[in-house]
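Trainee: I have just opened this entry and would like a guided walk through it. Could you take me around it, one spot at a time?

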Amino acid sequence: MKKIVLACGAAAAILAVATGCSGSGSDNAAFTDSLSVAFGESNGTRLATDYNVSLSDEQKATMRKEDILRGIKQVVMTDTTQQGYLTGLSIGLGLAGQIMRFEEAGINIDRAKVYEAYAKAFVNDSISPDKVRQVEEEFQALSQKANQLMMDFYDQKAAAERKAKEEAPEAVENTKAGEEYIKKMIADDPTVTVTGSGLVYKVISEGSGEPVGEGGRAVVKYSGRLVDGTEFDSNSEGVTFSTNRVVPGFGEGLAMMKKGAHYILIIPGKLAYGIDGAPQAGIGPNATLIFDVEVVDIPK
């Protein structure tokens, strides 16, 4: 929704700038007609793409295309000689955007009172520095409270969204599958080690020299798969990774490894891509990952 609002606001700003330019009167009619159509079609296509993709059905119900077009038409068809009116439209869109942010956080703003107070302040021809300071101090005090309310709202919203993701059937199923896989591996193989964070690893070969260490880099060959055996990534040529630029479980395991080491890393979802997963790689929420990793070199 914000992208739609920003797009409309940007269009209004462009229109306001364009009103400062006057035509030469000698433009080729065919050219200007083509430009007019292309200008409208290009901007309409971009807005339609954002609208169709980024808005949910619920949002589309409250932001109907015919209503958006009515607002756009009102601005586009405005007499461009009315510079003050166009400036007011631009400022009004900015104020409306700020009001929307308050309202999205559950802070109900009386728009009529906003306008009344704005108009009353704006029509003054002379304002003392003391009055300016008084108004700003009062607003800052209220803004701090409003910002805290907004932060609390978005924290609660984020917590609720996180809980919903954690309780989603796929996330629950992936967590259970990973736990069962790890439990069976520990029971079947006494050489498997579990770290304090929950990372599970098996040493195939130790390698030699100093370990990669936290914040270190290493050239590795690896393959990654899910607990059902599906491979989602691999590199047999050798690629350089930094321990702090990979998922936490992979970074923890890589930091322990030495040159020539070969480990199997079993990374629970909480140490991998978490509840968001990595859909582009075919990794679902809370999916446990199994990596076969060999350290080829540790660059100095």
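**A walk through the model**

Mentor: Let us begin with Thr78, which is found in the loop between helix 4 and helix 5 (83–104). Please keep in mind throughout that this is a predicted model.

Trainee: Okay, is Thr78 buried or exposed?

Mentor: Thr78 is buried, because its relative accessible area is 11%, which is under the 20% limit for that word.

Trainee: And what does Thr78 touch, not counting residues up to four places away in sequence?

Mentor: Setting those sequence neighbours aside, Thr78 touches Tyr85, Leu86 and Leu89. Its side chain also reaches the backbone oxygen of Gln74, at 2.5 Å.

Trainee: Where else does a side chain reach a backbone oxygen?

Mentor: One place is Thr32, whose side chain reaches the backbone oxygen of Ala29 at 3.0 Å. Thr32 lies in helix 2, and with a relative accessible area of 23% it is partly exposed.

Trainee: Staying with helix 2, at what angle do helix 2 and helix 4 pack?

Mentor: Helix 2, residues 29–54, and helix 4, residues 65–76, pack at an angle of about 145°, and their axes are 13 Å apart. The crossing in which helix 2 passes helix 4 is right-handed.

Trainee: Which residues make the contact?

Mentor: From helix 2 the contact uses Leu47, Tyr51 and Asn52, and from helix 4 it uses Lys65, Ile68 and Ile72. Sorted by class, this contact of helix 2 with helix 4 has 4 nonpolar, 1 polar and 1 charged residues.

Trainee: New topic: which residues touch the most other members in the largest nonpolar core?

Mentor: That core has 25 residues, and those touching the most other members are Phe250, Leu254, Leu265, Ile267, Leu289, Phe291 and Val293. At least two residues of this core come from each of strand 3 (217–226), helix 9 (248–256), strand 5 (262–267) and strand 6 (289–297).

Trainee: Take Phe250, then; what is it in contact with, leaving aside its neighbours within four places in sequence?

Mentor: With those neighbours left out, Phe250 is in contact with Phe241, Leu265, Ile267, Phe291 and Val293. Apart from this core lies another one, of 7 residues, and Met185, Val200, Ile264 and Ile266 are among them.

Trainee: I also clicked on Lys202; where is it found?

Mentor: Lys202 is found in strand 2, residues 200–205. With a relative accessibility of 19%, Lys202 counts as buried, because the word is used for values under 20%.

Trainee: Last one: what phi does Asn286 have?

Mentor: Asn286 has a positive phi, of about 60°, although it is not a glycine. For background, most residues other than glycine have a negative phi. Asn286 is found in the loop between strand 5 and strand 6, and with a relative accessible area of 14% it is buried.

Conventions. Residues numbered from 1 in each chain as written. Predicted model: local features only at pLDDT ≥ 70, side-chain atom pairs only at ≥ 80, totals over all residues. Heavy atoms only, no water. Core = buried A, V, L, I, M, F, W, Y, C linked by side-chain atoms within 4.5 Å. Buried < 20%, exposed > 50% of the residue type's maximum accessible area, 1.4 Å probe, protein only. Helix = DSSP H or I, 4+ residues; strand = E, 2+ residues; numbered from the N terminus. Contact = heavy atoms within 4.5 Å. Axes fitted to C-alpha atoms, helices over the stretch in contact; angles between N-to-C directions. Left-handed = near helix turned anticlockwise from the far one by under 90°. Nonpolar A, V, L, I, M, F, W, Y, C, P; charged D, E, K, R; others polar. Polar contact = N/O pair within 3.5 Å; in protein donor to acceptor, adjacent residues only side chain to side chain.
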